[in-house]
Amino acid sequence: MSTTLEEAKKNLQETGFLDIETPKEINYVGEINKLRKEKNAVILAHYYQEDAIQDIADFVGDSLALAQKAATTEADIIVFAGVHFMAETAKILNPEKKVLLPDLKAGCSLADSCPPADFAAFKKEHPNHLVVSYVNTSAEIKALTDIVCTSSNAKKIIDSIPVDQPIIFAPDRNLGAWLIKETGRDMVLWDGACMVHEAFSIDKILELHTENPDAEIIAHPESQAHLLKVAKYVGSTSGLLNYVKNSDAKKFIVATEVGILHQMRQDAPDKILIPAPVDDDNCNCSECFYMKMNTMKKLYLCLQHELPNVEVDAELSKKALVSIERMLELSK
């Protein structure tokens, strides 16, 4: 039984997306292009989205580039093909615009690992500390933060803070530990992590490297320390992309979410890319389950009906904006 639009709207909180049938012969690319033009909408997509969504997006980027793009867009509607915290950040930067997310349930295991009430208590225990939080957090955490960062600009932001200023870094313990090593700063870390980057198997990666001695291991700093130790290059999503593009090496074992390989293949078609293996052979753990919740069908329906849209409480939005704007200012 197909659901009517009214029923789908009523069930939105439960389902997270408009659960409506679309015509069998529908051409999603054509329809999305038409709607985007009619509504002056921009589609922003993260590198971890499915290939078709990356291909149709106006702009594909990592968290920093997407936040910068959201801050300057002239569009009336922002369709965020990413996860909830990204759409929320876009809404905080554009309170007057409509921000759509194809599936409201597209969350983030890292953001979930930092509950606001617990973090507020943690912050109270370290009263003289400046809080630097990774962008992968809820608006509530950003409101408790002094400066937001992404993996692209985290080192630059930590380095910009006076040496005698104690710092809390949240929520990713792996990125935090890597930054301590990179910057020489002694930071207090919140104990959070991303389930995708924690799933990689160091033993299987080393075994793979033995079979492919000419391959370079490259990794995202959200990965565990023992993996970062064996990596030839450690960097943000866009950093990994640029490294593959510009490196003389021909083969890479890539330890980050597997969605990035789509853009890597386009930018460096002559390179051989091997996704880093995970511990559990029975799961697609190198795929972010949340990122893959968005589909072309959901993207089309959300643009057609302008739902689900992301709202942020006005007071909370004002508080969270301060830490995001500081990041954007420092990232120029």
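Lys250 is partly exposed, with a relative accessible area of 47% (buried denotes under 20% relative accessible area, exposed over 50%, and partly exposed the range in between, for a 1.4 Å probe and protein chains only). The model is a predicted one, in which local features need pLDDT of at least 70 and side-chain atom pairs count only at pLDDT 80 or more, whereas totals for chains, interfaces and linings use all residues. Residues are numbered from 1 along each chain as its sequence is written, and side-chain values use heavy atoms, with hydrogens and water left out.

The side chain of Lys250 forms a salt bridge with that of Asp270 at 3.6 Å, N to O (a salt bridge being a side-chain nitrogen of Lys or Arg within 4 Å of a carboxyl oxygen of Asp or Glu). This pair links distant parts of the chain, 20 residues apart: Asp270 is in the loop between helix H16 (260-267) and strand E12 (272-275), and Lys250 in the loop between helix H15 (237-246) and strand E11 (251-255). Helices (H or I, at least four residues) and strands (E, at least two) are DSSP runs, numbered from the N terminus. Asp270 is likewise partly exposed, at 49% relative accessibility.

Over the whole structure, 16 salt bridges are found. One of them joins the side chains of Lys298 and Asp103 at 2.7 Å, N to O. Because Lys298 lies in helix H17 (residues 296-305) and Asp103 in the loop between strand E4 (98-100) and helix H7 (109-112), this pair ties together parts that are 195 residues apart in sequence. Both Lys298 and Asp103 are buried. A further salt bridge, between the side chains of Arg173 and Asp191, spans 2.7 Å, N to O. Here Arg173 belongs to helix H11 (residues 173-183) and Asp191 to the loop between strand E8 (188-189) and helix H12 (195-198), distant parts of the chain that are 18 residues apart. Arg173 is partly exposed, with a relative accessible area of 29%, whereas Asp191 is exposed at 57%.

Two cavities of 30 Å³ or more are counted. The largest cavity has a volume of about 260 Å³, and 27 residues line this cavity, with His46, Tyr48, Asn136, Glu222 and Met291 nearest its centre. At least two lining residues come from each of helix H5 (63-72), helix H6 (84-93), H7 and H12. The lining comprises 13 nonpolar, twelve polar and two charged residues.

The second largest cavity has a volume of about 60 Å³. Its lining includes Ser63, Leu66, Phe80, Phe85 and Val135. H5 and H6 are the elements that give two or more residues to this lining, which divides into eight nonpolar, two polar and no charged residues.

The largest pocket has a volume of about 200 Å³. Of its 14 lining residues, His84, Ala111, Asp112, Thr137 and Ser138 are the closest to the centre. H6 and H7 each give two or more residues to the pocket lining, and H6 gives the most, with three.

Terms used
1 Å grid on protein atoms, 1.4 Å probe; cavity = no way out; pocket = protein on both sides within 12 Å on 5 of 7 lines; lining within 4 Å. Points joined across faces, edges and corners; volume = space filled by probe spheres on them. Nonpolar A, V, L, I, M, F, W, Y, C, P; charged D, E, K, R; others polar.
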